[in-house]
Amino acid sequence: MKTFTYTANASRVVFGPGALQALPAEIERLGAKRALVLSTPEQVDAARRVAALLGERAAGLFPKAVMHVPIETAREARDEAKRLGADCAVAIGGGSTTGLGKAIALDSGLPILAIPTTYAGSEMTPIYGLTEGGVKKTGRDARVLPRTVIYDPELTLTLPLAMTLTSALNAIAHAAEGLYAHDGNPITALMAEEGIRASAAAMQVLAGDPKNLEARSNALYGAWLCGSVLGAVSMGLHHKLCHTLGGSFNLPHAETHTVILPHALAYNAAQAPGAMARVARALGVRDAARGVYDLAARHGAPTSLKAIGMSADGLDRAAELAVANQYPNPRPLERAALRALLQRAFDGEPPQT
Ligand code: NAD
(Lines give C-alpha, C1' and ligand atoms only; values in the text may rest on other atoms or scores of the structure.)
Protein backbone atom coordinates (compact mmCIF):
# COMPACT_ATOMS: atom_id res chain seq x y z
CA MET A 1 0.00 0.00 0.00
CA LYS A 2 1.35 3.43 -0.87
CA THR A 3 1.98 6.12 1.73
CA PHE A 4 -0.91 8.52 2.20
CA THR A 5 -2.33 11.31 4.32
CA TYR A 6 -6.05 11.53 5.01
CA THR A 7 -7.84 14.42 6.68
CA ALA A 8 -11.45 13.56 7.43
CA ASN A 9 -13.84 16.51 7.33
CA ALA A 10 -15.75 16.53 10.59
CA SER A 11 -19.47 16.98 10.27
CA ARG A 12 -22.50 15.38 11.86
CA VAL A 13 -24.90 13.51 9.56
CA VAL A 14 -28.53 12.74 10.35
CA PHE A 15 -29.95 10.49 7.65
CA GLY A 16 -33.31 8.92 6.80
CA PRO A 17 -36.88 9.48 5.61
CA GLY A 18 -38.44 12.03 7.96
CA ALA A 19 -35.02 13.15 9.29
CA LEU A 20 -36.11 16.78 8.82
CA GLN A 21 -38.08 16.42 12.06
CA ALA A 22 -34.74 16.33 13.90
CA LEU A 23 -34.03 19.92 12.83
CA PRO A 24 -35.07 21.74 16.03
CA ALA A 25 -33.00 19.35 18.17
CA GLU A 26 -30.04 19.68 15.81
CA ILE A 27 -30.17 23.48 15.94
CA GLU A 28 -30.24 23.28 19.71
CA ARG A 29 -27.26 20.95 19.62
CA LEU A 30 -25.36 23.66 17.68
CA GLY A 31 -26.19 26.06 20.49
CA ALA A 32 -27.99 28.34 18.02
CA LYS A 33 -31.09 30.39 18.76
CA ARG A 34 -31.64 32.48 15.63
CA ALA A 35 -31.40 30.67 12.31
CA LEU A 36 -31.50 32.43 8.95
CA VAL A 37 -33.19 30.03 6.51
CA LEU A 38 -31.82 30.04 2.95
CA SER A 39 -33.33 28.68 -0.27
CA THR A 40 -33.77 29.48 -3.95
CA PRO A 41 -36.95 31.36 -4.96
CA GLU A 42 -38.23 28.05 -6.41
CA GLN A 43 -37.92 26.32 -3.03
CA VAL A 44 -39.37 29.05 -0.83
CA ASP A 45 -42.16 26.70 0.32
CA ALA A 46 -39.58 24.24 1.64
CA ALA A 47 -37.85 27.14 3.40
CA ARG A 48 -41.15 28.22 4.99
CA ARG A 49 -41.68 24.66 6.21
CA VAL A 50 -38.23 24.72 7.77
CA ALA A 51 -38.94 28.06 9.44
CA ALA A 52 -42.24 26.74 10.81
CA LEU A 53 -40.44 23.71 12.27
CA LEU A 54 -37.92 26.01 13.92
CA GLY A 55 -40.59 28.26 15.44
CA GLU A 56 -39.02 31.05 17.46
CA ARG A 57 -35.54 29.80 16.56
CA ALA A 58 -36.12 31.04 12.98
CA ALA A 59 -34.74 34.57 12.60
CA GLY A 60 -35.99 35.00 9.03
CA LEU A 61 -35.99 33.76 5.44
CA PHE A 62 -33.63 34.60 2.60
CA PRO A 63 -35.06 32.80 -0.45
CA LYS A 64 -32.80 34.39 -3.07
CA ALA A 65 -30.07 31.79 -3.72
CA VAL A 66 -29.06 31.47 -7.40
CA MET A 67 -26.51 29.42 -9.32
CA HIS A 68 -22.78 30.17 -8.75
CA VAL A 69 -23.24 32.55 -5.77
CA PRO A 70 -22.95 36.06 -7.28
CA ILE A 71 -21.05 38.30 -4.85
CA GLU A 72 -23.99 40.73 -4.76
CA THR A 73 -26.32 37.98 -3.47
CA ALA A 74 -23.70 36.88 -0.96
CA ARG A 75 -23.35 40.45 0.34
CA GLU A 76 -27.10 40.87 0.62
CA ALA A 77 -27.41 37.59 2.55
CA ARG A 78 -24.51 38.52 4.85
CA ASP A 79 -26.16 41.89 5.58
CA GLU A 80 -29.47 40.20 6.25
CA ALA A 81 -27.82 37.74 8.67
CA LYS A 82 -26.26 40.68 10.55
CA ARG A 83 -29.46 42.72 10.55
CA LEU A 84 -31.45 39.83 11.99
CA GLY A 85 -28.76 38.91 14.53
CA ALA A 86 -28.62 35.36 13.10
CA ASP A 87 -26.32 32.93 14.89
CA CYS A 88 -26.53 30.16 12.27
CA ALA A 89 -27.75 29.55 8.71
CA VAL A 90 -29.96 26.68 7.57
CA ALA A 91 -29.58 25.99 3.85
CA ILE A 92 -32.32 23.87 2.28
CA GLY A 93 -31.75 23.06 -1.39
CA GLY A 94 -29.03 22.10 -3.84
CA GLY A 95 -25.47 23.26 -4.30
CA SER A 96 -26.53 26.83 -5.06
CA THR A 97 -28.23 27.25 -1.69
CA THR A 98 -25.51 25.45 0.25
CA GLY A 99 -23.06 27.70 -1.59
CA LEU A 100 -24.84 30.81 -0.33
CA GLY A 101 -24.63 29.46 3.22
CA LYS A 102 -20.91 28.95 2.71
CA ALA A 103 -20.51 32.54 1.53
CA ILE A 104 -22.07 33.73 4.80
CA ALA A 105 -19.89 31.38 6.86
CA LEU A 106 -16.73 32.47 5.04
CA ASP A 107 -17.36 36.06 6.09
CA SER A 108 -18.79 35.57 9.58
CA GLY A 109 -17.90 32.09 10.79
CA LEU A 110 -21.59 31.37 11.43
CA PRO A 111 -22.27 27.61 11.60
CA ILE A 112 -24.29 26.13 8.73
CA LEU A 113 -26.79 23.34 8.92
CA ALA A 114 -27.36 21.96 5.41
CA ILE A 115 -30.43 20.09 4.21
CA PRO A 116 -29.49 18.91 0.68
CA THR A 117 -32.25 18.26 -1.82
CA THR A 118 -30.04 17.34 -4.82
CA TYR A 119 -27.04 15.05 -5.19
CA ALA A 120 -24.42 17.78 -5.81
CA GLY A 121 -22.56 16.99 -2.58
CA SER A 122 -21.50 20.53 -1.65
CA GLU A 123 -22.67 19.95 1.93
CA MET A 124 -19.74 17.56 2.50
CA THR A 125 -16.98 19.89 1.30
CA PRO A 126 -15.01 22.86 2.65
CA ILE A 127 -15.01 24.24 -0.93
CA TYR A 128 -16.76 27.54 -1.65
CA GLY A 129 -17.37 29.45 -4.87
CA LEU A 130 -18.12 33.13 -5.44
CA THR A 131 -18.78 34.87 -8.76
CA GLU A 132 -17.64 38.44 -9.22
CA GLY A 133 -17.71 40.31 -12.53
CA GLY A 134 -18.64 37.10 -14.35
CA VAL A 135 -15.64 35.19 -12.98
CA LYS A 136 -16.18 32.34 -10.52
CA LYS A 137 -13.46 31.81 -7.97
CA THR A 138 -13.31 28.79 -5.73
CA GLY A 139 -11.35 28.15 -2.57
CA ARG A 140 -11.13 25.90 0.46
CA ASP A 141 -11.78 27.05 4.00
CA ALA A 142 -12.67 24.88 6.98
CA ARG A 143 -15.17 27.51 8.18
CA VAL A 144 -17.54 26.86 5.27
CA LEU A 145 -17.96 23.13 5.91
CA PRO A 146 -21.52 22.64 7.22
CA ARG A 147 -21.41 21.49 10.86
CA THR A 148 -24.54 19.36 10.54
CA VAL A 149 -26.17 17.78 7.50
CA ILE A 150 -29.72 16.44 7.52
CA TYR A 151 -30.30 14.04 4.63
CA ASP A 152 -34.03 13.43 4.28
CA PRO A 153 -34.84 11.47 1.08
CA GLU A 154 -38.49 12.58 1.29
CA LEU A 155 -37.32 16.09 0.36
CA THR A 156 -35.86 14.79 -2.90
CA LEU A 157 -39.14 13.29 -4.16
CA THR A 158 -39.92 16.59 -5.89
CA LEU A 159 -36.62 16.73 -7.78
CA PRO A 160 -37.61 16.48 -11.48
CA LEU A 161 -36.46 13.28 -13.18
CA ALA A 162 -34.08 15.00 -15.62
CA MET A 163 -32.33 16.80 -12.77
CA THR A 164 -32.34 13.60 -10.69
CA LEU A 165 -30.35 11.77 -13.36
CA THR A 166 -27.86 14.55 -14.10
CA SER A 167 -27.39 15.33 -10.41
CA ALA A 168 -26.65 11.66 -9.66
CA LEU A 169 -24.10 11.66 -12.48
CA ASN A 170 -22.61 14.83 -10.98
CA ALA A 171 -22.13 12.81 -7.77
CA ILE A 172 -20.59 9.90 -9.69
CA ALA A 173 -18.12 12.35 -11.27
CA HIS A 174 -16.76 13.39 -7.84
CA ALA A 175 -16.16 9.77 -6.90
CA ALA A 176 -14.71 8.72 -10.26
CA GLU A 177 -12.12 11.50 -10.21
CA GLY A 178 -11.44 10.78 -6.54
CA LEU A 179 -10.37 7.27 -7.53
CA TYR A 180 -7.41 8.59 -9.54
CA ALA A 181 -6.64 11.65 -7.42
CA HIS A 182 -2.93 12.12 -6.71
CA ASP A 183 -3.79 12.60 -3.03
CA GLY A 184 -6.34 9.78 -2.81
CA ASN A 185 -6.24 7.10 -0.14
CA PRO A 186 -7.86 3.73 0.63
CA ILE A 187 -10.68 5.27 2.68
CA THR A 188 -11.81 7.72 0.00
CA ALA A 189 -11.51 4.91 -2.57
CA LEU A 190 -13.94 2.79 -0.54
CA MET A 191 -16.38 5.68 -0.33
CA ALA A 192 -15.98 6.42 -4.03
CA GLU A 193 -16.68 2.91 -5.25
CA GLU A 194 -19.66 2.45 -2.95
CA GLY A 195 -20.93 5.94 -3.83
CA ILE A 196 -20.85 5.16 -7.56
CA ARG A 197 -22.52 1.80 -7.00
CA ALA A 198 -25.34 3.28 -4.90
CA SER A 199 -25.89 6.27 -7.21
CA ALA A 200 -25.99 4.18 -10.40
CA ALA A 201 -28.29 1.56 -8.86
CA ALA A 202 -30.63 4.31 -7.66
CA MET A 203 -30.68 5.89 -11.13
CA GLN A 204 -31.80 2.62 -12.71
CA VAL A 205 -34.85 2.49 -10.42
CA LEU A 206 -35.66 6.21 -10.38
CA ALA A 207 -35.66 6.43 -14.18
CA GLY A 208 -38.84 4.34 -14.19
CA ASP A 209 -40.18 5.19 -10.73
CA PRO A 210 -39.03 8.67 -9.59
CA LYS A 211 -41.08 8.53 -6.37
CA ASN A 212 -39.47 5.33 -5.11
CA LEU A 213 -38.38 6.29 -1.60
CA GLU A 214 -35.93 3.40 -1.19
CA ALA A 215 -34.14 4.44 -4.40
CA ARG A 216 -34.26 8.11 -3.33
CA SER A 217 -32.56 7.04 -0.08
CA ASN A 218 -29.89 5.16 -2.02
CA ALA A 219 -29.28 8.13 -4.31
CA LEU A 220 -28.83 10.45 -1.32
CA TYR A 221 -26.55 7.92 0.40
CA GLY A 222 -24.48 7.77 -2.80
CA ALA A 223 -24.40 11.57 -3.00
CA TRP A 224 -23.17 11.76 0.60
CA LEU A 225 -20.31 9.34 -0.11
CA CYS A 226 -19.37 10.99 -3.41
CA GLY A 227 -19.51 14.46 -1.82
CA SER A 228 -17.23 13.25 0.97
CA VAL A 229 -14.69 12.18 -1.64
CA LEU A 230 -14.91 15.59 -3.35
CA GLY A 231 -14.28 17.26 0.00
CA ALA A 232 -11.26 15.13 0.87
CA VAL A 233 -9.14 14.82 -2.30
CA SER A 234 -8.21 16.87 -5.38
CA MET A 235 -10.18 16.71 -8.59
CA GLY A 236 -8.60 16.47 -12.06
CA LEU A 237 -9.38 17.02 -15.74
CA HIS A 238 -13.11 16.39 -15.54
CA HIS A 239 -13.81 19.02 -12.89
CA LYS A 240 -11.46 21.48 -14.57
CA LEU A 241 -13.29 21.10 -17.87
CA CYS A 242 -16.70 21.43 -16.23
CA HIS A 243 -15.56 24.49 -14.31
CA THR A 244 -14.34 26.06 -17.55
CA LEU A 245 -17.51 25.22 -19.47
CA GLY A 246 -19.78 26.37 -16.64
CA GLY A 247 -17.83 29.52 -15.80
CA SER A 248 -16.87 30.79 -19.25
CA PHE A 249 -19.72 29.44 -21.37
CA ASN A 250 -22.49 29.49 -18.78
CA LEU A 251 -23.45 25.85 -19.30
CA PRO A 252 -25.70 24.23 -16.66
CA HIS A 253 -23.77 22.51 -13.86
CA ALA A 254 -25.10 18.96 -13.51
CA GLU A 255 -25.78 18.55 -17.26
CA THR A 256 -22.21 19.57 -18.09
CA HIS A 257 -20.86 16.96 -15.67
CA THR A 258 -23.12 14.37 -17.27
CA VAL A 259 -21.84 15.05 -20.79
CA ILE A 260 -18.14 15.40 -19.98
CA LEU A 261 -17.55 12.54 -17.54
CA PRO A 262 -17.37 9.63 -20.04
CA HIS A 263 -14.88 11.57 -22.19
CA ALA A 264 -12.71 12.64 -19.24
CA LEU A 265 -12.56 9.04 -18.04
CA ALA A 266 -11.62 7.82 -21.52
CA TYR A 267 -8.87 10.47 -21.68
CA ASN A 268 -7.35 9.21 -18.42
CA ALA A 269 -8.12 5.50 -18.80
CA ALA A 270 -4.70 4.21 -19.86
CA GLN A 271 -2.93 6.11 -17.07
CA ALA A 272 -5.37 5.11 -14.33
CA PRO A 273 -6.29 1.44 -14.87
CA GLY A 274 -6.94 0.73 -11.18
CA ALA A 275 -9.46 3.59 -10.92
CA MET A 276 -11.17 2.48 -14.14
CA ALA A 277 -11.49 -1.08 -12.84
CA ARG A 278 -13.20 0.19 -9.69
CA VAL A 279 -15.59 2.48 -11.62
CA ALA A 280 -16.45 -0.40 -13.96
CA ARG A 281 -17.00 -2.79 -11.04
CA ALA A 282 -19.29 -0.27 -9.32
CA LEU A 283 -21.33 0.10 -12.50
CA GLY A 284 -21.30 -3.62 -13.29
CA VAL A 285 -19.80 -3.04 -16.76
CA ARG A 286 -16.57 -3.88 -18.59
CA ASP A 287 -15.48 -0.37 -19.55
CA ALA A 288 -15.80 2.56 -17.14
CA ALA A 289 -16.08 5.41 -19.67
CA ARG A 290 -18.52 3.57 -21.91
CA GLY A 291 -20.50 2.44 -18.88
CA VAL A 292 -21.01 6.04 -17.74
CA TYR A 293 -21.98 7.12 -21.26
CA ASP A 294 -24.51 4.28 -21.55
CA LEU A 295 -25.93 5.04 -18.10
CA ALA A 296 -26.74 8.58 -19.24
CA ALA A 297 -27.88 7.70 -22.77
CA ARG A 298 -30.09 4.80 -21.68
CA HIS A 299 -32.19 7.07 -19.47
CA GLY A 300 -32.36 10.06 -21.80
CA ALA A 301 -29.88 12.25 -19.90
CA PRO A 302 -27.92 14.64 -22.16
CA THR A 303 -24.87 13.25 -23.95
CA SER A 304 -23.86 16.25 -26.05
CA LEU A 305 -22.59 19.74 -25.26
CA LYS A 306 -24.52 21.01 -28.26
CA ALA A 307 -27.78 19.90 -26.67
CA ILE A 308 -27.08 21.83 -23.45
CA GLY A 309 -26.26 25.17 -25.08
CA MET A 310 -22.59 25.09 -26.11
CA SER A 311 -21.74 26.79 -29.39
CA ALA A 312 -19.25 25.16 -31.76
CA ASP A 313 -17.12 28.29 -32.03
CA GLY A 314 -16.36 28.14 -28.29
CA LEU A 315 -14.59 24.76 -28.46
CA ASP A 316 -11.15 26.16 -29.38
CA ARG A 317 -11.25 28.62 -26.51
CA ALA A 318 -12.44 25.95 -24.08
CA ALA A 319 -9.43 23.79 -25.02
CA GLU A 320 -7.08 26.78 -24.54
CA LEU A 321 -8.55 27.54 -21.12
CA ALA A 322 -8.30 23.90 -20.04
CA VAL A 323 -4.56 23.75 -20.69
CA ALA A 324 -3.85 27.29 -19.48
CA ASN A 325 -2.53 26.07 -16.14
CA GLN A 326 -1.53 22.48 -15.67
CA TYR A 327 -2.73 20.69 -12.55
CA PRO A 328 -2.48 17.12 -11.25
CA ASN A 329 -4.17 14.65 -13.59
CA PRO A 330 -3.16 11.08 -14.45
CA ARG A 331 -2.45 12.07 -18.07
CA PRO A 332 -0.81 15.39 -18.92
CA LEU A 333 -3.14 17.93 -20.49
CA GLU A 334 -2.51 18.04 -24.24
CA ARG A 335 -4.26 20.72 -26.22
CA ALA A 336 -4.91 18.71 -29.39
CA ALA A 337 -6.22 15.70 -27.48
CA LEU A 338 -8.47 17.90 -25.36
CA ARG A 339 -9.79 19.68 -28.42
CA ALA A 340 -10.68 16.28 -29.89
CA LEU A 341 -12.30 15.28 -26.61
CA LEU A 342 -14.42 18.43 -26.64
CA GLN A 343 -15.47 17.79 -30.24
CA ARG A 344 -16.69 14.29 -29.39
CA ALA A 345 -18.54 15.65 -26.36
CA PHE A 346 -20.03 18.43 -28.48
CA ASP A 347 -21.28 15.95 -31.06
CA GLY A 348 -22.59 13.50 -28.46
CA GLU A 349 -20.39 10.66 -29.68
CA PRO A 350 -19.46 7.82 -27.33
CA PRO A 351 -16.12 8.23 -25.55
CA GLN A 352 -13.03 7.09 -27.40
CA THR A 353 -11.77 4.22 -25.28
P1 NAD B 1 -29.05 24.02 -7.76
O2 NAD B 1 -28.80 24.10 -6.30
O3 NAD B 1 -28.69 25.19 -8.59
O4 NAD B 1 -30.59 23.64 -7.98
C5 NAD B 1 -31.15 23.68 -9.29
C6 NAD B 1 -32.65 23.95 -9.19
O7 NAD B 1 -33.32 22.82 -8.64
C8 NAD B 1 -32.98 25.13 -8.27
O9 NAD B 1 -34.04 25.88 -8.81
C10 NAD B 1 -33.42 24.44 -6.99
O11 NAD B 1 -34.27 25.23 -6.20
C12 NAD B 1 -34.13 23.23 -7.56
N13 NAD B 1 -34.22 22.11 -6.62
C14 NAD B 1 -33.25 21.62 -5.83
N15 NAD B 1 -33.70 20.57 -5.13
C16 NAD B 1 -34.99 20.39 -5.49
C17 NAD B 1 -35.99 19.45 -5.13
N18 NAD B 1 -35.75 18.45 -4.27
N19 NAD B 1 -37.21 19.56 -5.69
C20 NAD B 1 -37.46 20.53 -6.61
N21 NAD B 1 -36.54 21.43 -7.00
C22 NAD B 1 -35.33 21.36 -6.45
O23 NAD B 1 -28.33 22.73 -8.42
P24 NAD B 1 -27.14 21.79 -7.92
O25 NAD B 1 -26.74 21.01 -9.08
O26 NAD B 1 -27.52 21.10 -6.66
O27 NAD B 1 -25.99 22.81 -7.53
C28 NAD B 1 -25.18 23.42 -8.51
C29 NAD B 1 -24.27 24.47 -7.90
O30 NAD B 1 -23.59 23.91 -6.77
C31 NAD B 1 -23.19 24.96 -8.85
O32 NAD B 1 -23.00 26.34 -8.67
C33 NAD B 1 -21.95 24.20 -8.40
O34 NAD B 1 -20.75 24.87 -8.74
C35 NAD B 1 -22.18 24.11 -6.92
N36 NAD B 1 -21.48 22.96 -6.28
C37 NAD B 1 -20.55 23.23 -5.34
C38 NAD B 1 -19.87 22.19 -4.70
C39 NAD B 1 -18.87 22.50 -3.63
O40 NAD B 1 -18.30 21.59 -3.06
N41 NAD B 1 -18.63 23.76 -3.33
C42 NAD B 1 -20.18 20.87 -5.03
C43 NAD B 1 -21.15 20.63 -6.00
C44 NAD B 1 -21.81 21.68 -6.62
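A residue is called buried when its relative accessible area is under 20%, exposed when it is over 50%, and partly exposed in between, as computed with a 1.4 Å probe on protein chains only. The structure described here is a predicted model, in which local features need pLDDT of at least 70 and side-chain atom pairs count only at pLDDT 80 or more, while totals for chains, interfaces and linings use all residues. Residues are numbered from 1 along each chain as its sequence is written, and side-chain values use heavy atoms, with hydrogens and water left out.

The domain assignment of the protein gives domain 1, covering residues 12-156, and domain 2, covering residues 161-347; such bounds come from an automatic or database domain assignment. The centres of domain 1 and domain 2, taken over C-alpha atoms, are separated by 25 Å. Across the boundary, 22 residues of domain 1 are in contact with 24 residues of domain 2, where contact means heavy atoms within 4.5 Å. The area buried between domain 1 and domain 2 is about 1,900 Å², and carbon and sulfur atoms give 67% of it; buried area is the accessible area (1.4 Å probe) that two parts lose on being put together, summed over both.

Between domain 1 and domain 2 the count of salt bridges is zero, a salt bridge being a side-chain nitrogen of Lys or Arg within 4 Å of a carboxyl oxygen of Asp or Glu. Seven residue pairs, with both residues at pLDDT 80 or more, are in polar contact between domain 1 and domain 2. On the side of domain 1 that touches domain 2, the elements that give two or more residues are strand E1 (12-15) and strand E7 (135-140), and E7 provides the largest share of that side, namely three residues. A polar contact is a pair of N or O atoms within 3.5 Å; within protein, one must be able to donate a hydrogen and the other to accept it, and residues adjacent in sequence count only if both atoms are side-chain atoms. Helices (H or I, at least four residues) and strands (E, at least two) are DSSP runs, numbered from the N terminus.

Although the count between the two domains is zero, a search of the whole structure finds 17 salt bridges. In one of them, Arg75 is paired with Glu132, the closest N and O atoms being 3.8 Å apart. This pair links distant parts of the chain, with Arg75 in helix H3 and Glu132 in strand E6 (residues 127-132), 57 residues apart. Arg75 counts as partly exposed because its relative accessibility is 43%, and Glu132 is likewise partly exposed because its value is 48%.

A salt bridge also joins Arg83 and Glu80, with the closest N and O atoms 3.0 Å apart. Both residues lie in helix H3, three residues apart, which is about one turn of the helix. Arg83 counts as exposed because its relative accessibility is 60%, whereas Glu80 counts as buried because its relative accessibility is 18%. The side chains of Asp141 and Arg143 meet in a further salt bridge (3.4 Å, N to O). Asp141, at 22% relative accessibility, counts as partly exposed, as does Arg143 at 40%.

Lys102, which lies in helix H4 (residues 95-108), is buried yet has no salt bridge, and the nearest side chain of opposite charge, that of Glu123, is 7.3 Å away. In assigning charge, Lys and Arg count as positive and Asp and Glu as negative, while His and the chain ends are not counted. When residues up to four places away in sequence are not counted, Lys102 touches Ile112, Ser122, Thr125, Ile127, Tyr128, Val144 and Pro146.

Ser228 lies in helix H7 (residues 213-232) and counts as buried because its relative accessible area is 13%. Leaving aside neighbours within four places in sequence, Ser228 is in contact with Met124 and Met191.

Backbone angles were also examined. Most residues other than glycine have a negative phi. His68, in the loop between strand E3 (58-62) and helix H3 (71-84), has a positive phi near 70°. Asn250, in the loop between helix H8 (237-249) and helix H9 (253-268), has a positive phi near 55°, and Asn250 counts as exposed because its relative accessibility is 64%.
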